[in-house]
Amino acid sequence: MKNTPFSSLMALVVSLVVAIPAFAAEEVNLYSYRQQSLLQPLTDAFTAETGIKVNVVHAEKGLTEKIKAAGANNPADLVLTVDIGRLEEVRAAGLFEPVNSALINEVIPAHLRHPENLWFALTTRARVIYAHKDRVAAGELNSLNDLADPKWKGRICTRSGKHVYNIGLIASVIAEDGEAAAETWLRGVKDNLARKPQGNDRAQAKAIFEGQCDLAIANRYYMGKMYYNTKSPEQQQWAENIRVEYLDQQVGGRGQHINISGAGLLKTAKNKANAIKLLEFLAGEQAQGLYATANFEEPVRQGIQTDEYIESLGDFKADRISLQAVAEQRAAAARLVDRVGFDM
Amino acid sequence: MSKPSTPHSFGLVTAAPQFDRWVWIAVSIALLAFVPVITLVKLSWANNLEIWQHLLDTVFWIYVKNTVLLCIGVAFFTSLIGTGAAWLVTRFDFPLKSMLVWGLLLPLAVPSYILAFVITDQLEYAGFVQKSLRALFGWQTARDYWFPEIRSIQGAIAVLSLVLYPYVYLLARAAFVEQAAQLFEMSRCLGKSQTQSFFNVALPLARPAIVVGVTLALMETINEYGTVEFFAVPTLTAGIFDVWLNMSSLSAAAQIAMMLVSFSILLLGLERYSRNAGKFYKLTGQSPAMFAEPLKGAKAWLATGLCLLPIGLGFLLPIAVLSNYALRNLDSGLEQYMSSAWNSFSLAAMAAIVTTVLGLLLAYGVRLSKSAKMRSIAEAATLGYAIPGAVLAVGILYPLGLLDNALDRLMTAWFDYPLGLLFTGTGGALVLAYSLRFIALSYRTLDASLSKITPEMDDASRVLGAQSGRTLWRIHLPLIRPSLLTAMLLVFVDTMKELPITLILRPFNFNTLSTQVWDLASLEQLEQSSLAALTILLAGIIPVIIMSRNIGSSGSGRKGN
């Protein structure tokens, strides 16, 4: 008993020494906002193909600060995120460096890249409307603007207005229509809420199933996650109750709002060549296929085999607005959410 | 405070340099602990008039109101549950008591966001309880009946009180056991009633300990983020993250964080005022245990039920729900789980040892210096506890980054050996950050315990020729052993649960149980992380049992005698 603290202390010292990143030749270091369970199949496939080891730190907040504080000794090469806002945060801090890869330029469309190639989208994520199959008629809802129509009073659910997904959506409305129009719209949506914004996207599907609301704002890929969830069969029921509605699809309409997951190369990267190899791998057919079938996101590359169930949810025209322009309105969107008292 | 600042009254001039040494050690620890606060001050040095104008026009007072209401609610319920339970198990005998004595500590091991998830899962509109009610009464929609909204400030108060009351319980129980016995029984002998004796003797004696417990609970409440976010209750802490991440202003976020820190300074001031208002020493090391009065019949079972209630809601319920999930998800990622578990255990053990030693040195330095100024410096060193974890992590990232880079340059210049990031690139930064955050737990626990040892003991020991170090080792440590264990337990359990600091400061390819839970929970699949979550909860049981043997041994010894 007496030795326990000492021996665990020694063991820790040893494990810490081992944890010091050895600057061995073939490796690449990621800072990731993507969860381990999603990323690992991709990095494993990359290592199998190239022999390059991938080291990862998964984090949620403070990555920009971590990179800044480490200065020239910063050990990370790439940053991966699931939202344009976080990518922009790192870019605005001046920490990214342009990537010149013919392959990337070819497969990733220009509007899904930074103008100077400081970041790239690897997948897009459509923020759609979940509508109850019976309680909402097909064609009853066509546009984001319709969400502010009083006929939906007490029938809409969503997560906090301050969540990055909703900030991105509101920022896109500001970028498109200006702040005044966005405010009128957001006040209208707030008046239609069935309950105070809460929970995650899955919780909104559950609320539709239980009859608390008829419409919900949520990311489309959760449909796949619920539909295939054999461990929690109740989630399959939630998905079965829902019809996915794509917004603003009419001719000349702006198209369905999308966010992205993406990546950027750090200026201080020590393994640049390997990092670019990894970026190219993630934009490649195999990885894009994995993104589409394992996480149900939309690949940025054309002609990728996607998931059957997700395809059955229908095709949509995506908003082509510059993501850079959307990201620039994030602070304005956050302030708008406060002004409208959306979460209160 | 009225005493002269000369530390001794026997003219032991030769001993003076020794006292200085202890004081210097304490001052250095305090300065170290103060590093994140200084960084915070520096980060907040910017003009954010525009953001403040916006906040004041919109949500600021809602943040303040929610924070204050949360604190009032948590203070009320933690002191009610904690003190009530401590008194019941100390004063009375009833069925299952010997288990309840330590069982009451168990909710401490439950991360509040996990309890929030579990309780919501059961009580929300789509949850088991309301679903059953609807089925039973044939209600169709939410408009057909009234049910309390669990995702509300009331819900947050309930969840936080359930996981934080053990702080009060722990300290109140130790106070009742350590000091109230003799005087309480004297009071009973002098003809005062049970209730009178409790309110006039036992409660005032335990008040300093209760206040420390409530202060700790409130400091955690102030920087709570997971639960309030989950319950959609915007507090000042939520504001910090919103301004930092959505409005991209770290300096405005640091300014709000400074406000929270001032808020805790206010709390600490109140606590000190309350503690100074009555100073009590115990004269001897072992006080006789309190006579536990046997309860009979319905009263006995009522006492059992009252103690079982917080354990049931705060510990057994999450254990049951998580076990159910874990059984369904046993097949996933055992290897990863093992390495996470090892990382969590070793980090928590290391942090517990380091933090307790630092806290002890700090508390002892304060005791020897006997100066109010030194005490204030030490109090300032505990402010890390009131800074939201993620902000504290950023607060030590910058100074550590500077240190790392300087060391690296030195090593490269002198030995041509590039060191890389010695602290921020390894677990070293983590242990340091946990220590700076949790030193409040060890310092306050040990200071409260040391302050109950009469200074005459020190004087006697020194008259007999023992130096201050030997006096600490031979006199003080044995007397405060239960509190040393308490301090280590608190730090160990809190480190196991800690998330935001771990997420920011961990090195590459490094997972703990809590980061594993977060990984899946943020994918909205807490069910699949239930094994890791369950382990955090179960690991909390081990130190609780060790510790309960300690405070329990002096508490239940004279049962019915």
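Select residues 164-177 of chain A: this is helix α6, with 14 residues and a reach of 20 Å from first C-alpha to last, close to the 20 Å expected at 1.5 Å a residue (the expected span is 1.5 Å times one less than the number of residues). The model is predicted, with local features needing pLDDT of at least 70 and side-chain atom pairs pLDDT 80 or more, while totals for chains, interfaces and linings use all residues. Residues are numbered from 1 along each chain as its sequence is written, chains are lettered from A in the order written, and side-chain values use heavy atoms, without hydrogens or water.

Helices (H or I, at least four residues) and strands (E, at least two) are DSSP runs, numbered from the N terminus. In α6(A), 11 of the 14 residues are buried (under 20% relative accessible area, 1.4 Å probe, protein chains only). Among them are Val164(A), Tyr165(A) and Asn166(A).

Now go to chain B, which has 23 helices and two strands. Of its 561 residues, 61% count as buried.

Select residues 60-91 (α3) and 297-328 (α12) of chain B, whose axes come within 10 Å and cross at roughly 140 degrees. Axes are lines fitted to C-alpha atoms, for helices over the stretch in contact, and angles run from 0 to 180 degrees between N-to-C directions.

Show side chains: Ile81(B), Leu88(B) and Val89(B) in α3(B) meet Ala303(B), Leu306(B), Cys307(B) and Pro310(B) in α12(B). Contact means heavy atoms within 4.5 Å.

Notes: Buried means under 20% relative accessible area, exposed over 50%, partly exposed in between (1.4 Å probe, protein chains only).
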